[in-house]
Amino acid sequence: MDNRTLLDDVRFGFVDRRTPAEKILNPRLISNEKPDTMHRAIRDELRRAESFSFSVAFISASALALLKEDLLEFVARGGRGEIITSNYLDFNEPTMFRELLGLDGIAVYVHDDEHGGFHPKGYVFHDPGEVTAIVGSANLTPHALIHNREWNLKFSTSYDGDIALQLEDAVRLQRTRGTLLTEEWIARYEQTRRTRVLIAPEAAPTAATEEEHIVANAMQREALDGIGKLRQAGEKKALIISATGTGKTILAALAVKEMAPRRVLFIAHRGEILSKSRTEFQRVLGGADTDYGLLVGGHNDADARYVFASVQSLNSRDAYRQFAPDAFDVIVVDEVHRGAAATYRTLIDYFRPGFLLGLTATPERTDGGNIFELFDYNVPYEIRLQAALDNDMLAPFHYYGVTDYETDDGELIEDTTQLSRLVSHERLAHILRTLETYGHAENVRGLIFCSRIEEAVELSNELNQSKINGRLLTTVALSGKDSPEVRDAALRRLNAGELDYILTVDIFNESVDIPSVNQVVMMRNTQSSIIFTQQLGRGLRKAAGKDHLRVIDFIGNYTNNYLIPVALFGDNSRNKDSIRKKIIDAAEDNTISGVSSVNFTKVARQRIFASLAVARIDGVAEFKKDIAALQSRLGRVPRLLDFARFDTADPYVLATRRTDHYWDLLVKAKLADAPSPRASEHLKFLSRELLHGKAPQELLLLQRLLARGPCSVAEFTHILEAHHAAHSPADLSVVERVLSLEFFVEGAYKLEGVVTLADGIYRLEPTFAETYRGNLEFRTHVDDVIETGLFLSRERGFTGGELKVGNKYSRKDVSRLLRLESNQEGTLNGYKVDKYSATIPIFVNYHKAEDVDASIAYEDKFLDTGTMKWFTRSNRTLRSGEVRDILADELPIHLFVRRDDTEGRDFYYLGLVHPSQPEQTTMPQTGQPVVTMHLKLATPLSEEFLSYLQSAP
């Protein structure tokens, strides 16, 4: 930054906040009010710093994992760093020191506690023109960086400033008094460390305890209340959806306790689950050991009050028939998503309990079975992965999407790669380097998911002859052919620390409780987001001494790479723009769901973008699956509003991407008869123009007219005011022209409009009103479009009906939201000085197609995050009228950019810009006159979004 920027920003911050300033180097108080967190501030500074010095008393391995990719990128571009810490209070873990020692390019100094309490929290960054420091209360731990209420002052100074010299002296003094970190120092620390202080509390029980009495926590209380309400309503079945590791067994035991039954049957499919469940139930319910019996393997305690039985044992020789159908007051079925299988259905159909309770983490099925139907569609409680992480019910995770091995000639690992290449010495070396870089420095208890059994076996053999961090690895490979005894023995060895990794394909996707797992490695194509989540979930259970999970995903040239963000972000919208934005946002702020994080290397991110660009995720076949899934959940054909409420497929994408409207899609799914041509055309208009909710004014007027009849302009204006929607005369004019269809090119819709205006009164257009009142199914679809459009408008922040920076808009949207006289999507190319609306929209296709005509091959480009060098049309000079209008900067200039035309019709809105530095020049290839200028953005881009735009498509 230049000195002028620093002076203006410092004056703005310390002297007079009315000072015009860039607000880049201004002093700020960082208190972890999102998005201004310490984590975000440190990452932003690392991206532009040449060197840094951190002086921090307490550091956790989880915080290093949170910042790992940023530190690696910092070092990769030549940055120099140092971290000064201590053994104060024996807080810092030896494994954390070993991870610091493994950070190449970053020097680490340690203060010995015998010299006095070392307790600073300071972060100093050296940039080309200034020094920036963040000093305050935040240690280097995830909660201190993200959630805790902290006070940290961020300020900048020139190198000549006295405070810069004070910072330099303070760091120099700490460095000279410290000891350079070595393995020998860590070994001595391990021997002399007085106590083992955990960075995070040990795994809290899923229910609070009062002495020996277990009490439901807040989340479980909510579930119990839901079950209670169902029982009061006379229902006899309920399905609990609870993410792996959230304590659904304890919850089931608490629910059983409230029902006070005489006898209980608990059904699962594995003996290990039954044994643990019996123990958990006894903790909650109490009673003698003889009250609790097993019916599995060699056990046949059929007379016990609480019977824990495997589904296999119950079905063997019809053993379930030893019980009367009404023998049990309550039956609990664990992992009930298996319930559509014949063995489960036999039992569910036979027994007649007073109450049937199902437990599952993943109710969705791909075999056509409907678990919801089994439980009469009663779901009193549901907590999925993201919510469980937000509520601190699971161990946080740090995910690293890294590139799989690539040969010198550019050949990538892909779906059909031969086994010999999967286990080649070159790939093995790549795997070992990656595990050493991103994995835990020691005490790894890991699972590696491979693409095929042969790979797991061969890779295990190779790993057993390899070292990480100087230590020989010990691994085993398991498959479905291995007996339960062999698997259980391997799990016991892993828990005991005798194994580093178990390698498998999919036998541990579900129903295996391995709380100690702290590292999951994925070395296969992601076949489904459900399987991805299941495998991730193997490491999310809390355990003593485990404060986070690390997930290392080797991303090859797989066609299904787009499923990774779908799974990580829980985005089932089928909206590529939505998924793409989440990936970009993750690069800007990599935290998700509590203190978990998602990190992609740049190459891995590009592979996901490439996969997403060609993936067919929004075809009719996919939409039919979405409809069927939600229909299974609801027990009826879903409405568009249901998709919005359950946060599944994007209703606008669903209704308009492949069909004219949702009714049309239901016809293709054979769930409805075709509408009349008139009804279809009306729904086509409402769906394509209003359903997205970007302009709620028309929806609000239609809602009012359909509910209560004619409405005056004055009353409608009051309605818009009440909803905080734009309501100027220009806004009302657009509403009138859109709903009368005057806004559109003649013939765009074969309608007379849907609303008329005469004498200051809005009325429904007669044909539309007649169809609405005379056709119940049409009325239902119209109401659904309006309700859903208003829901989306609220949820996505469009209630004002105005452009929002960062969102995507088509040229038609822009015509509407900038109040142009008509829809000009067909002619609104490049830019327009629009005198009717008194605005100037500019559209830029950042990467031009290779075959674009030389006369329009403009070399528009961003010079930095806040400035674009932009070209006018060719054959323009500084004397051209439109150029003078732009340079006058008297009309608001709006900039819209998309990376390339493969992204579809929509452009990102980058906000208002101001022109400067005009220059008369010529087009490079044609010699035609053209004017270039700088467009200064009122809202600068993030570095990550700029990187995305600049990256090759």
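**Close-up views of a predicted model**

**View A. Gln-697, Glu-698, Leu-701 and Leu-702 of helix H28 meet Val-734, Val-735, Val-738 and Leu-739 of helix H30.** Contact means heavy atoms within 4.5 Å. Six of the residues in this contact of H28 with H30 are nonpolar, one is polar and one is charged. Here Ala, Val, Leu, Ile, Met, Phe, Trp, Tyr, Cys and Pro count as nonpolar, Asp, Glu, Lys and Arg as charged, and the others, Gly among them, as polar. This is a predicted model, in which local features need pLDDT of at least 70 and side-chain atom pairs count only at pLDDT 80 or more, while totals for chains, interfaces and linings use all residues. Residues are numbered from 1 along each chain as its sequence is written, and side-chain values use heavy atoms, with hydrogens and water left out. Helices (H or I, at least four residues) and strands (E, at least two) are DSSP runs, numbered from the N terminus.

**View B. H28 (residues 696–708) packs against H30 (residues 729–739) at an angle of about 70 degrees, and their axes are 9 Å apart.** H28 is therefore roughly perpendicular to H30. Angles under 35 degrees count as roughly parallel, over 145 as roughly antiparallel, 65 to 115 as roughly perpendicular and the rest as oblique. Axes are lines fitted to C-alpha atoms, for helices over the stretch in contact, and angles run from 0 to 180 degrees between N-to-C directions. The crossing of H28 and H30 is right-handed. A crossing is right-handed if the near helix is turned clockwise from the far one by less than a right angle, and left-handed if anticlockwise.

**View C. Helices H9 (residues 248–259) and H10 (residues 271–285) pack at about 45 degrees, with axes 9 Å apart.** H9 and H10 are therefore oblique to each other. Their crossing is right-handed. From H9, the contact takes in Thr-249, Ile-250, Ala-252, Ala-253, Leu-254, Val-256 and Lys-257, and from H10, Ser-277, Glu-280, Phe-281, Arg-283, Val-284 and Leu-285. Eight of the residues in this contact are nonpolar, two polar and three charged.

**View D. Helix H7 (residues 183–192) has Trp-185, Ile-186 and Tyr-189 as its buried residues.** They cover an arc of only 100 degrees around the axis, so they lie on the same side of H7. The arc is that of the directions from the helix axis to the C-beta atoms. Buried means under 20% relative accessible area, exposed over 50%, and partly exposed in between (1.4 Å probe, protein chains only). Exposed Glu-184 and Gln-191 are on the face of H7 turned away from the buried side. The cover over the buried residues includes helix H4 (94–101), strand S4 (106–111) and strand S8 (179–180).

**View E. Ala-388 is in helix H14 (residues 385–390).** Ala-388 is buried, at 0% relative accessible area. Ser-593 is 205 residues from Ala-388 in sequence, and 8.3 Å from it in space, C-alpha to C-alpha.

**View F. Asp-759 is in the loop between strands S30 (755–758) and S31 (761–764).** Although not a glycine, Asp-759 has a positive phi of about 55 degrees. Asp-759 is exposed, with a relative accessible area of 80%.
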